[in-house]
Amino acid sequence: MLEIIALISKAVWLMLPAYIANPTAVVFGGGTPVDFGKNWKDGRRILGDGKTFRGLVGGTACGIVVGIMQMNVPSQWSLGSFTLTTIITLSFGALLGDMVKSFFKRRSGFERGAKLPLVDQLDFVAGAWILTYLFDPVWFSDNFTFWIIITVLILTPLLHRLTNIIGYYIKLKKEPW
Ligand code: CTP
Ligand code: MG
């Protein structure tokens, strides 16, 4: 039991910059879309109105600010140490993953906001992990051990569901997913 609590705490700690970036993009979102409203060759939007510069920049910035706060936690309290690079790759990678997802969602004919279970919930995890691995593979494999990865994959859809239901009721999100 204690091992599981330790595993969950460590997983949340390591994912926190990404866990913050994703929902704060919703809070800051609006304005010019990243695809500037343009269509792809298939006549559908490249990304759609759900991906905006304000969301991208605001979300990334919030993730980085929280990561810097985590870096300043005294080592006896800290559950893992970040570098400036990994804070940036976790935050920005999360929203990059979300955008890549939207690109393929549009190509498959899903409208903005259409529900894609698990894909909508793990897109940002994949983006955060891939970008972080590319920039610092040693840090990634030291921190994201096999059991931490399993914990994140189980925990994230549950946390995602919960935050989106909250977001929907406080009228930040159009859909409760
Ligand atoms: N958002 C944003 N910019 C981003 C990511 C999110 O502005 N880079 C905001 C948008 O207002 C978006 C909302 O957060 O509608 C919810 O994000 P998400 O569920 O990822 O987008 P969807 O609107 O569902 O679009 P998609 O179908 O492309 O995922
Ligand atoms: Mg969505």
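Colleague: Hi! What are the ground rules here?
Modeller: The model is predicted, so local features need pLDDT of at least 70, side-chain atom pairs count only at pLDDT 80 or more, and totals for chains, interfaces and linings use all residues. Residues are numbered from 1 along each chain as its sequence is written, chains are lettered from A and ligands numbered from 1 in the order written, and side-chain values use heavy atoms, without hydrogens and water.

Colleague: Great. Which residues are closest to ligand 1?
Modeller: Lys51, Thr52, Ser102, Arg106 and Arg112 are the closest of the 18 that surround ligand 1, counting residues with a heavy atom within 4 Å.

Colleague: And what does Asp98 do there?
Modeller: An N or O atom in the Asp98 side chain is 3.1 Å from an oxygen atom of ligand 1. Lys173 has a polar side-chain atom 3.3 Å from a ligand oxygen.

Colleague: Switching to helices: at what angle do H1 and H6 cross?
Modeller: Roughly 55°, with the axes of H1 (residues 2–28) and H6 (residues 146–169) coming within 9 Å. That makes H1 oblique to H6; oblique is what remains after under 35 degrees (roughly parallel), over 145 (roughly antiparallel) and 65 to 115 (roughly perpendicular).

Colleague: How do the residues of that contact divide?
Modeller: Into 12 nonpolar, four polar and one charged, where contact means heavy atoms within 4.5 Å. Among them are Leu7 and Met15 of H1 and Trp147 of H6.

Colleague: How far apart are the H3 and H4 axes?
Modeller: They are 6 Å apart, at an angle of about 135°.

Terms used: Axes are lines fitted to C-alpha atoms, for helices over the stretch in contact, and angles run from 0 to 180 degrees between N-to-C directions. Helices (H or I, at least four residues) and strands (E, at least two) are DSSP runs, numbered from the N terminus. A polar contact is a pair of N or O atoms within 3.5 Å; within protein, one must be able to donate a hydrogen and the other to accept it, and residues adjacent in sequence count only if both atoms are side-chain atoms. Ala, Val, Leu, Ile, Met, Phe, Trp, Tyr, Cys and Pro count as nonpolar, Asp, Glu, Lys and Arg as charged, and the others, Gly among them, as polar.
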